[in-house]
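Here are my notes for a first look at this one. Have the model open while you read.

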Amino acid sequence: MGEIKKRNKGGEGQTGPSIEIGPGSAIPTRKDVGLFTAWRVAFFGSIAAVLYLVFARPDPYLRIIAFVPDGILVTFQVTLGAILLALVFGLFTGLGRLAGNRFINGIASLYVEVVRGIPLLVQLFYIYFALGRVVQIPAIASAIIAMGICYGAYMGEIFRAGIQSIPKGQREAAWSLGMDKFQTMVHVILPQAIKVILPPIGNECVALLKDSSLVSILAVADILRRGREFASETFTYFETYTVVALVYLIITLFFSKLISVMEDRMGASR
């Protein structure tokens, strides 16, 4: 999962470039000509491939395209709900990791270490099947809760690093103006931290969108589940999963570009 990391060169006073590595699609920017060109080729090439398949071989590709849209809506529903939940968990976890209270800090740290040590698929099974013996949670709700809890741990570390990146002088200046700690965090620190954490948060959101395909295991009718149902009925596995892969690629590339545009606009407003 993506995470903000700072490398020091030669000593603590010198900070090297930030290194970000994650499972999400690389966020294309015009400054990186190679990546931006690759994004355009991949995005428009995927759309062209879908159109060609539909017009060249309507059967089965047109039927597959007509069968999948319901799954796209479910995928967006699960992804959006999980992102909102993960942002809430991430914010409170990041603040907890920075808290001076040892108990709060310990709880937040324990949450991060435990959740990051358990695979997302296991968490999905645990919430839907294991907890099902105690309380029945609908499949979509289980998917949103599991993914929100899982990604909240990773986003918590991103929030923590983003908040720590703001110079201490900003806090001292706010305190000198009579602000308390809560007002300083809400009105001074977080607005600046958002500009720092937007790229890695965006990368996590794209990764979450791709990982939403795991919810098909819970019989949630997402894109992959709908494709699996069509393939099992028609035995067109190659054609169906080709379309599913192209649909996922188009969606993830679109949102990676959207995040890039948001980042550019926020950068221009600094």
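1. Ground rules first. This is a predicted model, where local features need pLDDT of at least 70, side-chain atom pairs count only at pLDDT 80 or more, and totals for chains, interfaces and linings use all residues. Residues are numbered from 1 along each chain as its sequence is written, and side-chain values use heavy atoms, with hydrogens and water left out.

2. The protein chain has ten helices and two strands; helices (H or I, at least four residues) and strands (E, at least two) are DSSP runs, numbered from the N terminus. Along the sequence, the pattern reads β-β-α-α-α-α-α-α-α-α-α-α.

3. Of the 270 residues, 43% are buried (buried is under 20% relative accessible area, exposed over 50%, partly exposed in between, with a 1.4 Å probe and protein chains only). Among contacts (heavy atoms within 4.5 Å) with a separation of 6 or more, 71% are between residues 24 or more positions apart.

4. Now the backbone. Most residues other than glycine have a negative phi, and most peptide bonds are trans. Here, though, Asp59 and Pro60 are joined by a cis peptide bond, with omega about 20°, and Pro60 sits in helix H2 (residues 58-67).

5. Ala219 is in the loop between helix H8 (181-211) and helix H9 (223-234), and is partly exposed at 49% relative accessibility. Phe235 is in the loop between H9 and helix H10 (237-268), and is exposed at 62%.

6. How many salt bridges does the structure hold? There are seven, each a side-chain nitrogen of Lys or Arg within 4 Å of a carboxyl oxygen of Asp or Glu. One of them pairs Arg57 with Glu239 at 3.8 Å, N to O. Arg57 is in the loop between helix H1 (33-56) and H2 while Glu239 is in helix H10, so this pair ties together parts 182 residues apart in sequence.

7. Another salt bridge joins Arg97 and Glu157, with the closest N and O atoms 2.8 Å apart. It links helix H3 (residues 69-98) to helix H6 (residues 139-164), the two residues being 60 apart. Glu157 is buried, at 5%, while Arg97 is partly exposed, at 24%.

8. Salt bridges with shared partners join Asp70, Arg225, Arg226 and Glu229 into one network.
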